[in-house]
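The following exercises concern the structure shown below. Each consists of a task and a solution in steps.

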Amino acid sequence: MTLEELMNAPAPASAWVLAQDCAQTGLDPQDVRHEMRRRIGEMRASIERGLASNAPSITGMVGWNAKGLWEAPDVLEAPLLKRVQAYAMAVNEENARMGRIVAAPTAGSAGTIPGALIGVADHLGLPDERLIDPMILAAGVGKAISRRMFISGAAGGCQAEIGSSAAMAAAAVTELLGGTPRAAVHAASLALMNTIGLVCDPVGGYVEVPCVSRNAFYAVHAVSAAQLALAGLESFIPPDEVLGAMASVGRMMPAALRETAEGGLAQTPTGLAVTARMEGREEGELPGGMVALPLA
Amino acid sequence: MSLLDMIGPVMIGPSSSHTAGACRLGLVAHHLLGEAPRRAVIGLHASFAKTGKGHGTHLALVAGLLGFAPDDPRLPRAVEEAEAAGLTAEFRHVDLGDVHPNTAQIDLWGETQHVTVQGSSTGGGVIQVTQVQGLGVNFSGAAPTVLLRYTDAVGMIARIASTIAADGVNIASLTCTRETRGGQALVAIELDALLSREALAFFNHWPDTNWVRLLPKLMDG
């Protein structure tokens, strides 16, 4: 499945994706839809747990951001924005504290799709039944990406991980809001174009900083891409060529910028202090008044 | 890779490669041992060794050895669960050379059986098993997989393949390695469906066969 094929598929694109995938895997389409419905429920449960908890993560770097944002006043009077960001962070904070989540496509990027898709649906008051087909389209976009590109930060940088989840989310939101397959794929492409070169630099090597806030940002990014595509804006570079560019950039990226904690934010003085502590080389307080718990 | 692998797995955090994939590597060893595990020695390579602890990689591996799936709520308590189940696990840092940074080498013992599994977690909960019983293999757990170790002899692969065909099952992929001509050989065959108990018993009955295991599908799609 290529993005070009997906773009030219008959509407709705999700029906075409499901038929293609089931022909390949031998799974029953009804079983896949049923399982997708269950996974949407798992995503929603992780959002609810995440919004209710302020327990710190394993390292103590995150854990209270989603609840804090959710309960903070909406100073911008932009309830959709706040909802999408809080949902995305809720999932990733739940993940960082060993909670149950749905990897989409990875655990580090697990908040982007539920943040964008469930966030938009809740904002508009749409039931979860309406999310099954968009979620199938999101998975189809992920498959098309993984055919050409990588979906893990270790292989391709954060562009591969959060970029893929943002593209999947952008396509899903576009279909949810009545967009054509062409608009959905262009939304995915627009989201990808704006993540190229993004470094994967988790502090201490943990899926916490900058991952949690990055999911919040890229959930909004996905909604923006859907809005642009639904208004008729298209990716000037054809979507499959964007994937080619991402794959090429991913290969050019030094290993230090691909989830090794040897570059970017992980190598700041604070990042190095966290790394040293997590490797058990140093005891004591983290800089900047950061909360830290002893490791089990 | 299916749609359910892209939106999934449902898993306990924090990392699909360090946690869900590690759990599935443990599950491979669990199924290949074929009896209750008693003792495990686990070598962690590169990134698994370096950032495994905070990612719960050791918990996920032990959970897999106990037969727990990546979304099992008992996963964060795997150490206590192992203690209750009579399994002791020991971790070492190993340098396995030029392999994927998320690679584990598992030695697992039960009352009568011993199995060694080496495999990598390649992202999104996907795994690649690269060695079983010290011999090279290449399978992912995305399909039911039958493994047979035998003493190398003419026509073994043909006999294995025709038994699978007689069972009405299609072969998706096959890897075979052997130590030397006439030495120990291992074949790993990914299948479209599970084999019957009779087919497995038939394999076991052959004089050249040393060991047969059927690994169920570990992925969602």
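**Exercise 1. Overall form of chain B**

What percentage of the 221 residues of chain B count as buried? Describe the fold of this chain in numbers.

*Solution.* The model is a predicted one.

Step 1. Burial: 55% of the 221 residues of chain B count as buried.

Step 2. Secondary structure: chain B contains seven helices and 11 strands. Its radius of gyration is 17 Å, close to the 17 Å given by the globule rule for 221 residues, so chain B is as compact as a globular protein of that length.

Step 3. Extent: along the principal axes, the C-alpha atoms of chain B fill a box of roughly 50 × 35 × 35 Å.

Step 4. Contacts: among contacts in chain B with a separation of 6 or more, 70% are made by residues 24 or more positions apart.

Step 5. The chain carries 15 positive and 20 negative side chains, with the centres of the two sets 3 Å apart.

**Exercise 2. A helix and a loop residue of chain A**

Which residues of helix 13 of chain A are buried?

*Solution.* 

Step 1. The buried residues of helix 13 are A:Gly271, A:Ala273, A:Val274, A:Thr275, A:Ala276, A:Arg277 and A:Met278.

Step 2. These are seven of the 10 residues in the helix (residues 269–278), so helix 13 of chain A is largely enclosed by the rest of the structure.

Step 3. Just after helix 13 of chain A, the backbone of A:Gly280 adopts a positive phi of about 75°.

Step 4. A:Thr195 is found in the loop between helix 10 (181–193) and helix 11 (211–230) of chain A. With a relative accessibility of 1%, A:Thr195 counts as buried, the cut-off being under 20%.

Step 5. Leaving aside residues up to four places away in sequence, A:Thr195 touches A:Gln159, A:Gly163, A:Tyr218, A:His221 and A:Met246.

**Exercise 3. Salt bridges**

How many salt bridges does a search of the whole structure find over all chains?

*Solution.* 

Step 1. The search finds 24 salt bridges over all chains.

Step 2. One of them joins A:Asp133 and A:Arg33, at 3.0 Å from N to O. A:Asp133 belongs to helix 7 (residues 132–148) and A:Arg33 to helix 3 (residues 29–52) of chain A, so this pair ties together parts that are 100 residues apart in sequence. A:Asp133 is partly exposed at 30% relative accessibility, and A:Arg33 is partly exposed at 25%.

Step 3. A:Glu35 and A:Arg39 form a salt bridge at 2.9 Å, N to O. Both lie in helix 3 of chain A and, being four residues apart, are separated by about one helical turn. An α-helix has 3.6 residues a turn, so residues three or four places apart point the same way. A:Glu35 is buried at 17% relative accessibility, and A:Arg39 is buried at 3%.

Step 4. In the pair A:Asp201 and A:Arg214, the closest N and O atoms of the salt bridge are 3.4 Å apart. A:Asp201 lies in the loop between helix 10 and helix 11 of chain A and A:Arg214 in helix 11, so the bridge ties together parts that are 13 residues apart in sequence. A:Asp201 is buried at 6% relative accessibility, as is A:Arg214 at 14%.

Step 5. Through shared partners, salt bridges join A:Glu35, A:Arg38, A:Arg39, A:Glu42, A:Arg100, B:Arg24, B:Asp71 and B:Asp220 into one network.

Notes. Residues numbered from 1 in each chain as written. Chains lettered and ligands numbered in written order. Predicted model: local features only at pLDDT ≥ 70, side-chain atom pairs only at ≥ 80, totals over all residues. Heavy atoms only, no water. Helix = DSSP H or I, 4+ residues; strand = E, 2+ residues; numbered from the N terminus. Rg over C-alpha atoms; globule rule 2.2 N^0.38 Å. Buried < 20%, exposed > 50% of the residue type's maximum accessible area, 1.4 Å probe, protein only. Contact = heavy atoms within 4.5 Å. Lys, Arg positive; Asp, Glu negative; His and termini not counted. Charge placed at Lys NZ, Arg CZ, Asp CG, Glu CD. Salt bridge = Lys/Arg side-chain N within 4 Å of Asp/Glu carboxyl O.
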